[in-house]
Each structure stands twice: as C-alpha cells, then as structure tokens.
Amino acid sequence: MSQVEFEMACASLKQLKGPVSDQEKLLVYSFYKQATQGDCNIPVPPATDVRAKAKWEAWNVNKGMSKMDAMRIYIAKVEELKKNEGG
C-alpha cells in the first residue's frame with residue numbers, strides 16, 4: 001500500500017463512467033478526506049446547507065482512523081466501484 005496506489009485510485013475514480021450513488025460518493029469522499037487531512041477539522045455547517053452537512057458528517061464518522069487505514073479503504077472502495085461498472 002503506497003501513496004502511488006492511492007493516487008492511482010484517485011485518478012481512476014475520476015474516470016468512472018457509470019452512475020455512482022450519492023451514498024457511495026459520500027463514503028469515498030469521507031475516506032479521501034481522512035486519508036489526506038486526518039480527522040475532520042472544520043466546524044459543523046448549518047443544517048440549511050444539506051450537502052455540506054452530509055459531507056461533514058460522513059468525514060467526521062472516520063474520526064480517529066489512521067490516514068493509512070483510510071487510504072486502504074479508499075482504494076478498496078474505488079476498486080469495488082470499478083468492478084461494479086464492469087471495468
């Protein structure tokens with residue numbers, strides 16, 4: 001598991017053609033943020049900003065997870081999305 005593998009997964013995610021559910025997007029986003037920045041370090045957005053609040057909550061769930069674990073899970077999730085697409 002390396003930074004290169006993580007970066008390749010980031011690149012391949014952008015190339016997915018098939019639809020990805022909002023829930024899966026949030027999951028991938030949360031592991032990306034945890035892997036690149038660590039624990040959620042921004043204030044909770046207002047409830048009126050539904051999208052920002054959902055992203056904050058998804059990231060905050062991973063609090064305490066190591067960056068390496070988050071990278072590993074991110075890579076696995078991207079691989080799963082690629083398989084579901086048939087790629």
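A: Start with one term: a residue is called buried when its relative accessible area is under 20%, and exposed when that area is over 50%. The model under discussion is predicted.

Q: Why does Gln 34 count as buried?
A: Its relative accessibility is 0%, and the cut-off for buried is under 20%. Gln 34 therefore counts as buried. This residue lies in helix H2. Leaving aside residues up to four places away in sequence, Gln 34 touches several others, including Trp 59, Asn 62, Lys 67 and Ala 70.

Q: How do you know whether the span of helix H4 agrees with its number of residues?
A: Helix H4 covers residues 67-85, which is 19 residues.

Q: What makes one side of H4 its buried side?
A: The buried residues of H4 are Ala 70, Met 71, Tyr 74, Ile 75, Lys 77, Val 78 and Leu 81. They cover an arc of only 165° around the axis, and therefore lie on the same side of H4. These buried residues pack against helix H1 (3-14) and helix H2 (22-37). Lys 83 and Asn 84 are exposed, on the face of H4 turned away from its buried side.

Q: Why does the radius of gyration of the chain agree with that of a compact globule?
A: For 87 residues, a compact globule would have a radius of gyration near 12 Å; the chain has 13 Å, which agrees.

Q: What makes the pattern of the chain α-α-α-α?
A: The chain has four helices and zero strands, and read along the sequence they give α-α-α-α.

Terms used. Residues numbered from 1 in each chain as written. Predicted model: local features only at pLDDT ≥ 70, side-chain atom pairs only at ≥ 80, totals over all residues. Heavy atoms only, no water. Helix = DSSP H or I, 4+ residues; strand = E, 2+ residues; numbered from the N terminus. Expected span 1.5 Å × (residues − 1). Buried < 20%, exposed > 50% of the residue type's maximum accessible area, 1.4 Å probe, protein only. Arc of directions from axis to C-beta. Contact = heavy atoms within 4.5 Å. Rg over C-alpha atoms; globule rule 2.2 N^0.38 Å.
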